[in-house]
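Good morning, and thank you for the time. I would like to take you through one model, beginning with a single residue and moving on from there.

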There are 2 protein chains.
Amino acid sequence: MRKRIEKLKDELVKRGLDAFLAVQNTRYLAGTTAAKAVIVPTEGSPLLICSRLEFDQAKRESWIRDVRAFSGWKAPLRRGERVIFCKPWQLVANCMQELDAQAVGYDHARREFIRKLRAAYTASYRELPELMLKLRKIKSREEVSLLRRSAKIATKGMRCAAESIAVGRTELEVAAEAEREMRMAGSEGTSFPTIVASGRNSWLPHASATRKRLRRWELVVVDLGAIYNGYTSDMTRTFALSPTKKQFTLIGLVRRAQKAAIGRVRNGAKTSDVDKAAREIISRAGYAKFSPHGTGHGVGIEVHEPPGLAPDSKDILCEGMVITVEPGIYVPRLGGARWEDMIFIKARGTRILTSLEEI
Amino acid sequence: MRKRIEKLKDELVKRGLDAFLAVQNTRYLAGTTAAKAVIVPTEGSPLLICSRLEFDQAKRESWIRDVRAFSGWKAPLRRGERVIFCKPWQLVANCMQELDAQAVGYDHARREFIRKLRAAYTASYRELPELMLKLRKIKSREEVSLLRRSAKIATKGMRCAAESIAVGRTELEVAAEAEREMRMAGSEGTSFPTIVASGRNSWLPHASATRKRLRRWELVVVDLGAIYNGYTSDMTRTFALSPTKKQFTLIGLVRRAQKAAIGRVRNGAKTSDVDKAAREIISRAGYAKFSPHGTGHGVGIEVHEPPGLAPDSKDILCEGMVITVEPGIYVPRLGGARWEDMIFIKARGTRILTSLEEI
């Protein structure tokens, strides 16, 4: 995590900034969910800002030693408890003053927060949401190992879903079983609301899981993800209950499209080319108008991060990125099908993190 | 949901605005998770903005009839599919132009988004995050019924957690069982990462659930919540495994503090008085410095909404609010204890939504 700070500092120097205020990327920089903000000066050690009730947790979980807690009201303190009785923006202003920061970047904050901060401590404040995303795009070895673990948990969840799917069960039941499996395997929760979309729900790409029962001649799209130590995963499979020939063909088609796209994934490839590879196969089969979304996205702390893999994407794939490849086809009345895996891009070659070949 | 729109329109007229752009409160206004934005003009019907892949879902789920979809790239369309090939801010700009809106309020959006929107369509744009929160503070009958259902699911989860707690089980296992129970009962997920905090984790108010095993002489704080049709719940109980006398006393104390605070909850009461009632009992027992957080908060679409119940709160409780009352005491080495219920405030009297008296 110290390396991230160093990289961030390099970026700050390049942009002529004295400090960075992270309000959204706190876990990435501090390694705890207890931080409300992290202040990274170009010189010196970072500061962790938290509320009084999260002070002990921040101290226990974060590698950052300088932890400063605020409380909106005065109250007696425990021995050794260091709390400043003020509003969060006042504490941030105090820290900026202490650092003598003239030019401050920040990832994202409410307009009102920045307005108050500026009134309390005059400096030039610049919103730079892209800066952290740029750093986060390339994963460290440690991050890849957490993502691999997260992907493994998702794979377990998918196997459980596969075993739970049967005519007469509800979408909700399948989701509940898969989620329990992931939780037991150490997931902090789901990286998004688990999708178990059968029949008429299967052709909605962003369906959830309902009380609807699974029936014969239906496609069932299962899209799920775990969170492991803050790192998300994302995986989709499409199952079929006594499918018609056309439904069976649809699944084969997304699988072929995915395979073709994965074939293009490599260090230096254009993201739009990966998308194109999948889209060409789908178009050739006559389903172009049924494929409304891009072919994938980056995965990390958030389940949707840059780079995007769509016809209008401008990104280049690089060593250290972890992305999904997930072509989807959604045909009203026939059904929807999507097939998604997470892929780690190495200097040479790739590695699929969500392998479940038996399904 | 039409009533909400009418109330919002009244607020717009009061503030001299022609339209409101909701980016965060989309589900509240549109009744679907598929909307990326909702535009409410002071005159005429609201518009729902979504991405192409969510068009069908928005049409199926929302009461808003005017659904407009965007797609960042050109692609063939299905018969009947209406999509505008542009960026989201371009579509919003087009709609504002069509409405001839001169003064536009919005709940929250990235600075960059508003900058682009302003460049595409000149108008006065004002960030008004408080406006929607003000409306959301008072719940309609329909909302209270959803919150009641959500609270009932949380109660089921808590009962399941109570049954799962035993020496030797992990915090994670207890969380997994409780979450599965809530999911099976129709929850969309958890309203926050379930807390099962035992022993040394119990005195961290915002702990999560880890692989740590439950042991004797430990307090176990379980804090969980469901989501039902978008409405969250929040409930805490503290369990004890062969507690010491002091630990037992601690639980009794938070329960008494909670009872005293609930005794003050009524239409017209000051939120700070409710907090004070709990704090006085805790202080008298000599634990003032171990009670670092406020006594409660509003619950609705978000699990933490206004009003806050803390020493520095200025709110007045009103008919139609749903709040939590949750005093907590966290004593290093001894253990943490918190007791939380959801309460609906009626014109006369209150109703506890998370009743589980047998635990």
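**A walk through the model**

Let us begin with Pro307(A), which lies in strand E14 of chain A, residues 305-309. This is a predicted model, and every value I quote is computed from it. The peptide bond that runs from Pro306(A) to Pro307(A) is cis, with omega near 0 degrees. In chain B, Pro306(B) and Pro307(B) are likewise joined by a cis peptide bond, with omega about 0 degrees. Pro307(B) has its place in strand E14 of chain B, residues 305-309.

Next, the contact between the chains. How many residues does each chain bring to it? Chain A gives 59 residues and chain B gives 59 residues. Together the two chains bury about 5100 Å², and 53% of that area is on carbon and sulfur atoms. On the side of chain A, the residues that lose the most area to chain B are Arg60(A), Trp73(A) and Arg183(A), which together make up 16% of what that side buries.

Six salt bridges are counted between chain A and chain B. In a salt bridge between Glu179(A) and Arg183(B), the side chains meet at 2.8 Å, N to O. Which elements of chain A give two or more residues to the side that touches chain B? They are helix H3 (55-61), helix H5 (111-120) and helix H8 (171-184). H8(A) provides the largest share, nine residues. By residue type, that side of chain A divides into 23 nonpolar, twelve polar and 24 charged.

I turn now to some individual residues in the loops of chain B. Glu54(B) is found in the loop between strand E3 (47-51) and helix H3 (55-61). Is Glu54(B) buried or exposed? At 4% relative accessibility, Glu54(B) counts as buried. Leaving aside residues up to four places away in sequence, Glu54(B) touches Ala34(B) and Lys36(B), and it also touches His206(A) from the other chain.

Two further residues of chain B have a positive phi without being glycine. Asp100(B), with phi near 55 degrees, sits in the loop between helix H4 (88-99) and strand E6 (103-106). Asp100(B) is exposed, with a relative accessible area of 52%. Trp217(B) has phi near 60 degrees and belongs to the loop between strand E8 (195-198) and strand E9 (218-224). Trp217(B) also counts as exposed, at 55% relative accessibility.

Finally, I return to chain A and strand E18, residues 341-345. This strand is mostly covered, with five of its five residues buried. In a regular strand, side chains alternate between the two faces of the sheet. In E18(A), Asp341(A), Ile343(A) and Ile345(A) point one way, while Met342(A) and Phe344(A) point the other way, and all are buried.

What does E18(A) pair with? Strand E15 of chain A, residues 322-325, pairs with E18(A) in the antiparallel sense over four bridges, and Thr324(A) stands opposite Met342(A). Strand E19 of chain A, residues 350-352, also pairs with E18(A) in the antiparallel sense, over three bridges, and here Ile345(A) stands opposite Thr350(A). The hairpin of E18(A) and E19(A) has four residues between the strands, and Gly349(A) takes a positive phi near 85 degrees there.

Terms used. Residues are numbered from 1 along each chain as its sequence is written. Chains are lettered from A and ligands numbered from 1 in the order in which they are written. This is a predicted model: local features need pLDDT of at least 70, side-chain atom pairs count only at pLDDT 80 or more; totals for chains, interfaces and linings use all residues. Side-chain values use heavy atoms; hydrogens and water are left out. Contact means heavy atoms within 4.5 Å. Buried area is the accessible area (1.4 Å probe) that two parts lose on being put together, summed over both. A salt bridge is a side-chain nitrogen of Lys or Arg within 4 Å of a carboxyl oxygen of Asp or Glu. Ala, Val, Leu, Ile, Met, Phe, Trp, Tyr, Cys and Pro count as nonpolar, Asp, Glu, Lys and Arg as charged, and the others, Gly among them, as polar. Buried means under 20% relative accessible area, exposed over 50%, partly exposed in between (1.4 Å probe, protein chains only). Two strands pair if DSSP finds at least two bridges between them.
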